[in-house]
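I opened this entry to keep track of what I looked up, residue by residue, and then to turn to a pocket.

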Amino acid sequence: MTDFILVDAQRCIACRTCEVASAQAHLPQGMLTKAAFLPRLNVYKSPQASAPAICRQCENAPCVGSCPTGALSLDKQLVRADASRCIGCKNCIVACPFGAISIEPSADSASAEILKCDLCSTREAGPACVEVCPTFALKLLRAGELTALKDKRAKETGHNAFLLHL
């Protein structure tokens, strides 16, 4: 299992602070401009709920399988993007069931930048979006925590199913 960011749509107020933090965290010089506003997640809002679309770091990532050049790869922690290998075909965008990937053409048109959550892997403090969310709608869920949660829910569900049969 991989780490990923868990989103609580009930808490999200669509303030887009997470988008700004994500874009800021990926700037080498730290200067956020309109042209450089390239967040690794996008907040979507509907009358019923709002939430950011964030890469779930899938174990069997369809985006990785759809990439003809190997620009996306899966390691133990996350789905990694290598812009130098990206040809901008957008197969990954179509393959992602969560709408969590976008492609930004590079200035030289020879490659493209893959915009997807990388859990802010270069930040010691972890994902910037989790750090700044004012409503605590985002939480970094580690693989071990997810396994424990899955086991707990399986036990509860199995226990409840057993009681229903009595």
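In which segment is T2 found? I placed T2 in the segment before β1 (4-7), where strands are DSSP runs of E of at least two residues and helices are runs of H or I of at least four, both numbered from the N terminus.

I note for the whole entry that the model is predicted, so that local features need pLDDT of at least 70 and side-chain atom pairs count only at pLDDT 80 or more, while totals for chains, interfaces and linings use all residues. Residues are numbered from 1 along each chain as its sequence is written, and side-chain values use heavy atoms, with hydrogens and water left out.

**T2.** I found T2 buried, with a relative accessible area of 7%; buried means under 20%, exposed over 50% and partly exposed in between, with a 1.4 Å probe and protein chains only. I listed the contacts of T2 (heavy atoms within 4.5 Å), leaving out residues up to four places away in sequence, and among them are R56, Q57, E59, L74, D75 and A143. The side chain of T2 also reaches the backbone oxygen of Q57 at 2.4 Å.

**Positive phi.** I looked here because most residues other than glycine have a negative phi. L119, in the loop between β7 (112-115) and α4 (128-132), has a phi near 55 degrees, and F136, in the loop between α4 and β8 (138-141), has one of about 60 degrees. L119 counts as buried at 10% relative accessibility, whereas F136 counts as exposed at 62%.

**Largest pocket.** I used a 1 Å grid over the protein atoms alone, where a pocket is an open set of points at which a 1.4 Å probe fits, with protein on both sides within 12 Å along at least five of seven lines, and lining residues have an atom within 4 Å of a point. The largest pocket has a volume of about 180 Å³, a volume being the space filled by probe spheres set on the points. Its lining includes H26, R40, E113, K116, D118 and S121. β5 (79-81) and β7 each supply at least two lining residues, and β5 gives the most, with three.

How values were computed:
Polar contact = N/O pair within 3.5 Å; in protein donor to acceptor, adjacent residues only side chain to side chain.
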